[in-house]
Amino acid sequence: MPAESILESIIAIGDKIDTLWNMFIGIHIAILGYFYVSKELPSPYHKFVGSIAYLLFSIINLNALNSTYRFLGAMVDEYKMRYIETTEVTGPHLKNILLNMDYSSRYIVVYSIHILAASLVFMSFFLSKKLNILNTEKQG
């Protein structure tokens, strides 16, 4: 695989990671925004369905991010093994960036963020009554 193709793949994988994080953030803004602006409390049925849907989304997103980061790490390692010494392809600044890239512990960050976000969402589900009271007090 030519060096240019590997670099293009690294950029494309980075774009996919950005998209996955954007989806993750967008879902959380929507969920938390719903609880903040909603005038009605969700029924237990809606809480249950919302919890299952959120849990499925979170698991799929978590697995997609972890596998994409592994693939990105593999592509960076492949580029390092094949082309890092070829300065015609890799300038000194790009060479320095690629040498310092390490995605081996990224799964810890991904898991931590997903666990913290899930805690926040599930607390919102169970504290929705208190959030609703605060919202009605603020409006009235």
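These are my notebook entries on a predicted model, written for someone meeting this structure here.

**Entry 1: the overall build**

I began with the secondary structure. The protein has five helices and zero strands. Reading along the sequence, I wrote the pattern down as α-α-α-α-α.

The protein has 140 residues, and 33% of them count as buried. Its accessible surface is about 9200 Å². Carbon and sulfur atoms hold 67% of that surface.

I also asked how far apart in sequence the contacting residues are. Taking the contacts with a separation of 6 or more, I found that 82% join residues 24 or more positions apart.

**Entry 2: helices H2 and H4**

I picked a pair of helices to follow. H2 covers residues 44-83, and H4 covers residues 106-126. How do their axes cross? I noted an angle of roughly 170°, with the axes coming within 10 Å. H2 is therefore roughly antiparallel to H4, since an angle over 145 degrees counts that way.

Then I listed who makes the contact. On the H2 side I found, among others, Lys47, Gly50, Ser51, Tyr54, Ser58 and Tyr69. On the H4 side the residues include Arg106, Tyr107, His114, Ala117, Val121 and Phe125.

I stayed with Val121, which sits in helix H4. Is Val121 buried or exposed? Its relative accessible area is 0%, so Val121 is buried.

Which residues does Val121 touch, once those up to four places away in sequence are set aside? I found His28, Ile31 and Tyr54. Ile31 is 90 residues from Val121 in sequence, yet their C-alpha atoms are 7.4 Å apart in space.

**Entry 3: looking back from His28**

I turned to His28, which belongs to helix H1, residues 3-37. His28 has a relative accessible area of 9%, so I put it down as buried. The cut-off for buried is under 20%.

Leaving out neighbours within four places, I listed Gly33, Tyr54, Ala117 and Val121 as the contacts of His28. Tyr54 and Ala117 were already in my notes, among the residues where H2 and H4 meet. I also looked up the spacing of His28 and Val121: they are 93 residues apart in sequence and 7.6 Å apart from C-alpha to C-alpha.

**Entry 4: Leu120**

I checked Leu120 as well, and it too lies in helix H4. Leu120 counts as partly exposed, with 41% relative accessibility, whereas Val121 is buried. The C-alpha atoms of Leu120 and Leu32 are 8.7 Å apart, and 88 residues separate the two along the chain.

**Entry 5: the salt bridge**

How many salt bridges are there in the whole structure? My search turned up one. It joins the side chains of Arg82 and Glu78, with 2.5 Å from N to O.

Arg82 counts as partly exposed at 43% relative accessibility. Glu78 counts as partly exposed too, at 23%.

**Entry 6: a nonpolar patch**

My last stop was the surface. I found a nonpolar patch of about 640 Å². Which residues make this patch? They are Tyr45, Phe48, Val49, Ile52, Leu56 and Ile60.

Leu56 is found in helix H2. At a relative accessible area of 52%, Leu56 is exposed, the cut-off being over 50%.

**Entry 7: looking over the pages**

I went back to H2 to gather my notes on it.

How values were computed. Residues are numbered from 1 along each chain as its sequence is written. This is a predicted model: local features need pLDDT of at least 70, side-chain atom pairs count only at pLDDT 80 or more; totals for chains, interfaces and linings use all residues. Side-chain values use heavy atoms; hydrogens and water are left out. Patches are made of residues with over 30% relative accessible area and no salt bridge: like charges are joined within 9 Å, nonpolar side chains (Val, Leu, Ile, Met, Phe, Trp, Tyr) within 5 Å. Accessible areas come from the Shrake-Rupley method with a 1.4 Å probe; for residues, only the protein chains shown count as cover. A salt bridge is a side-chain nitrogen of Lys or Arg within 4 Å of a carboxyl oxygen of Asp or Glu. Helices (H or I, at least four residues) and strands (E, at least two) are DSSP runs, numbered from the N terminus. Buried means under 20% relative accessible area, exposed over 50%, partly exposed in between (1.4 Å probe, protein chains only). Axes are lines fitted to C-alpha atoms, for helices over the stretch in contact, and angles run from 0 to 180 degrees between N-to-C directions. Angles under 35 degrees count as roughly parallel, over 145 as roughly antiparallel, 65 to 115 as roughly perpendicular and the rest as oblique. Contact means heavy atoms within 4.5 Å.
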